[in-house]
Amino acid sequence: MQHYILSKKNQITLISGVLIGLGFFSHFILENVGISEWSLIIASIFGVAPIAVQAYQAIKVKVVSIDLLVTIAVIGAFLIQNYEEAAIVTFLFLFGHFLEQRTLNQTRSAIKELTEMAPESALRQMEDGGFEEVDVEDVDEGEVLLVKTGAKVPVDGTVITGEGYINEASITGESVPANKTVGSEVFAGTILENGTIQIRADRVGEDTTFGKIIELVEEAQDSKSEAERFIDRFAKYYTPIVLVLAFGVWLFSQNIELAITILVLGCPGALVIGVPVSNVAGIGNGARNGVLLKGSEVIHDFSRVDTIVFDKTGTLTVGNPTVAETEFYRENNTEVLGYLASVERESDHPLAKAVLQEIGETSFSTVEGTEVVKGGGIVASVNGHRIAIGNVALMETEHVVFSKKAQKDVECFEENGNSLVLTAVDGELKILMGIRDQVRPGVKEDLQELKKLGVKNLVVLSGDNQGTVDAVARELELTAAYGHMLPEDKSAHIEKLQKAGQIVAFVGDGVNDSPSLALADIGIAMGNGTDVAIETSDVVLMNSDFSRLPHALGLTKATARNMKQNIIIAVGVVLVLLASVFFSEWMNMSIGMLVHEGSILVVIFNGMRLLNYRLKDKRARKKMEANPVSETVHTT
């Protein structure tokens, strides 16, 4: 019976409203008091039924709920034969709940959209080479799948044949389709807008990036912030206090109407719902824009961050070192480049890969007598020539003479933040290469955005040499830069900043960053980083998109402000209503309930504004980039 009544709550609200309308029509138009009173009585009984059921269910779990306050108030109104107040209060309470659920569903729409985007089927290659549609849960890693134009990519995988453009907005928040060719990585839940591809399944089901996003967002919704937990505790004691206050007023004044009015006015509905709705909307906005915020507590802490510490490689830089500068000191460079490539081809050093990529196609020679000089480089014999490849220290060991120009070039390359690779043939310097990781495009502007949002300190910690780290810090105008840092050194530095009273966020992507991500007040992982880094972090920037970081910080600040606004609105309304009942003559149960339900809708609508949050400065910049001519005219 209880379940049936609650399942018909909307219909009961409608019937109650119709009966109230009939009651007023009979009273004012037909002037039939009997029909009017019976209409209002039936409307009250209908209306209070689901409210009383909810109050009873709450009492069974030892909770004094708002429903109990309203139920007692309606019974009180009945006792003093104020059927009009009883009917209107129950109708407004039910109608307010109806509107509340509708608007809250819109607030959760971002999360709902995500879950609805989960792929359900896949075209799997069978033994005869054909493809058959199967449930996505039946797909195993390593199987070959066919994805056609307009279809969702069912799993995380690698393109093995075909080409196409994929909309990856569900993963990265980026709506511009990405071109995918053989060897490209594709993600479950993204949509192939053009082309046909076959992919090999690398990760399936909950292990896909999309599966993890949904899991993280759902966990984030369920977690409660310190403010929410405080409000829960507050409401637990506040509601019985209102009950006792109303009883005390009745005992003191013998005015039952005043007592039941206080019950209605004291309902903390807006206070209970104000903070959760802000959190859900904020997390939903982040999910839409490639930012995963792992819970309400993260929003609170991230909004107060004043220091952000960055790992360098793969975070501020692209993470793919390349040859940035080259100087040749003799002619016949083709032959020397061939010697250099022949030796570097046998090395697994990261700088060797950059050198080979720079040289490209060349003639390789047989390498003999290779000797690795620890901390220096390589010495080998090629076509009867002694080839030395390495740093300045190795050149000095090999007694290579530096001309004035070469000395100046070395100094200049070092100042520019390069790692040096020198090549000498038979003791004569032939080539100087400067290798460095390129700074991510747009990072400098993003860091300026962070400063505008109130971040005082921007620090880089790196295992690279101090000269390279300093060069990156100068280019990006960072507050401080520290090189030669091992993982434990980074953690120790973060601890030191925290002890100095700073609220620290750390941004990294690798396994070696995990201790720092866990130790910082807020750990921020780049989405293409390791699983360990993503699991350890509090915030994930999908697809390693650094430009999402200012949006994430701005969003958490806006969400924190929104929570405070909702608390002020909720508490303010209760105080004004309670003051009005004692110091004015216009306040009654119906007006009180109307204002209460109105305040609940106000805090919900206020929270929903976060769904459309955008960083103002960034939007202006994008607008300027998209339409430079008109912006220039405007500025002029």
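Colleague: Hi! How many salt bridges does the structure hold?

Modeller: Hello! This is a predicted model, and the structure holds 13 salt bridges.

Colleague: Let's start with glutamate 185. Which side chain does it meet in a salt bridge?

Modeller: That would be arginine 203, with a distance of 3.5 Å from N to O. Glutamate 185 sits in strand 6 (residues 185–186) and arginine 203 in strand 7 (residues 191–203), so this pair ties together parts that lie 18 residues apart in sequence.

Colleague: And is glutamate 185 buried, partly exposed or exposed?

Modeller: Glutamate 185 counts as partly exposed, at 37% relative accessibility.

Colleague: What about arginine 200, which residue does it form a salt bridge with?

Modeller: Arginine 200 pairs with aspartate 202, and their closest N and O atoms are 3.5 Å apart. For arginine 200 the relative accessibility is 35%, so it counts as partly exposed. Aspartate 202 has a relative accessible area of 26%, which also makes it partly exposed.

Colleague: Now over to lysine 490. Which side chain does it meet in a salt bridge?

Modeller: Lysine 490 meets aspartate 311, at 3.0 Å from N to O. Aspartate 311 belongs to strand 9 (residues 307–311) and lysine 490 to helix 20 (residues 487–499), so the bridge ties together parts that are 179 residues apart in sequence.

Colleague: Is aspartate 311 buried or exposed?

Modeller: Aspartate 311 is buried, with a relative accessible area of 7%. Lysine 490 is buried as well, at 2%.

Colleague: Which residues do salt bridges with shared partners join into one network?

Modeller: The network consists of Asp156, Glu185 and Arg203.

Colleague: Changing topic: which residues form the negative surface patch?

Modeller: The patch is made up of Glu120, Asp135, Glu137, Asp138, Asp140, Glu141, Glu206, Asp207 and Glu215.

Colleague: Let me pick one of those. Where does glutamate 137 lie?

Modeller: You'll find glutamate 137 in the loop between strand 2 (131–135) and strand 3 (144–147).

Colleague: Buried or exposed, that glutamate 137?

Modeller: Exposed: the relative accessible area of glutamate 137 is 70%, and the cut-off for calling a residue exposed is over 50%.

Colleague: Thanks, I'll go and look at that loop!

Methods
Residues are numbered from 1 along each chain as its sequence is written. This is a predicted model: local features need pLDDT of at least 70, side-chain atom pairs count only at pLDDT 80 or more; totals for chains, interfaces and linings use all residues. Side-chain values use heavy atoms; hydrogens and water are left out. A salt bridge is a side-chain nitrogen of Lys or Arg within 4 Å of a carboxyl oxygen of Asp or Glu. Helices (H or I, at least four residues) and strands (E, at least two) are DSSP runs, numbered from the N terminus. Buried means under 20% relative accessible area, exposed over 50%, partly exposed in between (1.4 Å probe, protein chains only). Patches are made of residues with over 30% relative accessible area and no salt bridge: like charges are joined within 9 Å, nonpolar side chains (Val, Leu, Ile, Met, Phe, Trp, Tyr) within 5 Å. Accessible areas come from the Shrake-Rupley method with a 1.4 Å probe; for residues, only the protein chains shown count as cover. Lys and Arg count as positive and Asp and Glu as negative; His and the chain ends are not counted. The place of a charge is taken as NZ of Lys, CZ of Arg, CG of Asp or CD of Glu.
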